[in-house]
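Hi,

Here is the structure I promised to pass on. Have a look at it first, and my notes on what turned up follow below.

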Amino acid sequence: MSSTTEAAPAKERTRSLYRGDPGMWSWVLHRITGVATFFFLFVHVLDTALVRVNPDTYDKVIETYKNPLVGLMELALVAMVLYHALNGVRVMTIDFWSKGPKYQRPMLWIIIAIWFAVMIPGAARIFYNMFAGH
């Protein structure tokens, strides 16, 4: 008894629209930066409210912010807010411009270029403030 076996046809690999695509990562980063900015604003409102409760405690909290670690966090905050704003403009352009979906990928690279162009001098200024003692 002999049997012949046929090789199964090679299954063509399909890829979803966003799996690993820059568009997916821009979507993920937009959500992360939005949530992080919300939490920053929440903490900022709480620590600013301390000035009404106890000005001395407020001064102590503000004094703890004058260290390089908080300076790096401030740099991350600026980076997140800038990315979130630029990507938000891109998303609105895609939604409200009839040709937006066609040009969404080039617009992503444009906002990344703008992000770098603004972040480099912004980071320089933040590092200057961190290490010059201002």
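A word on terms before the helices: axes are lines fitted to C-alpha atoms, for helices over the stretch in contact, and angles run from 0 to 180 degrees between N-to-C directions. Helices (H or I, at least four residues) and strands (E, at least two) are DSSP runs, numbered from the N terminus.

Keep in mind that this is a predicted model, in which local features need pLDDT of at least 70 and side-chain atom pairs count only at pLDDT 80 or more, while totals for chains, interfaces and linings use all residues. Residues are numbered from 1 along each chain as its sequence is written, and side-chain values use heavy atoms, with hydrogens and water left out.

On confidence (pLDDT, the predictor's own score for each residue, from 0 to 100): the protein chain averages 86, and 84% of its residues reach 70 or more.

Now the packing. The axes of α1 (residues 22–53) and α3 (residues 68–96) come within 9 Å and cross at roughly 130°. That makes α1 oblique to α3 (under 35 degrees counts as roughly parallel, over 145 as roughly antiparallel, 65 to 115 as roughly perpendicular, the rest as oblique). The contact (heavy atoms within 4.5 Å) includes H30, T33 and F40 of α1 and M80, H84 and R90 of α3. By class, its residues divide into 7 nonpolar, 8 polar and 1 charged. Here Ala, Val, Leu, Ile, Met, Phe, Trp, Tyr, Cys and Pro count as nonpolar, Asp, Glu, Lys and Arg as charged, and the others, Gly among them, as polar.

α1 also packs against α2, at about 145° with the axes 6 Å apart. D47, T48, L50, V51 and V53 of α1 meet P55, T57, Y58 and V61 of α2, giving 6 nonpolar, 2 polar and 1 charged residues.

What about α1 and α4 (residues 104–132)? Their angle is about 55°, with the axes 10 Å apart, and they are therefore oblique to each other. P22, G23 and S26 of α1 touch R105, L108 and W109 of α4.

Last, the record: an unreviewed UniProt entry lists residues 24–46, 67–86 and 106–128 as "transmembrane region" (positions follow the numbering used here, feature names are shortened, and annotations may be inferred rather than shown by experiment). In the model, residues 67–86 are 95% helix, with end C-alpha atoms 29 Å apart. Residues 106–128 are 100% helix, and their end C-alpha atoms lie 33 Å apart.

Cheers
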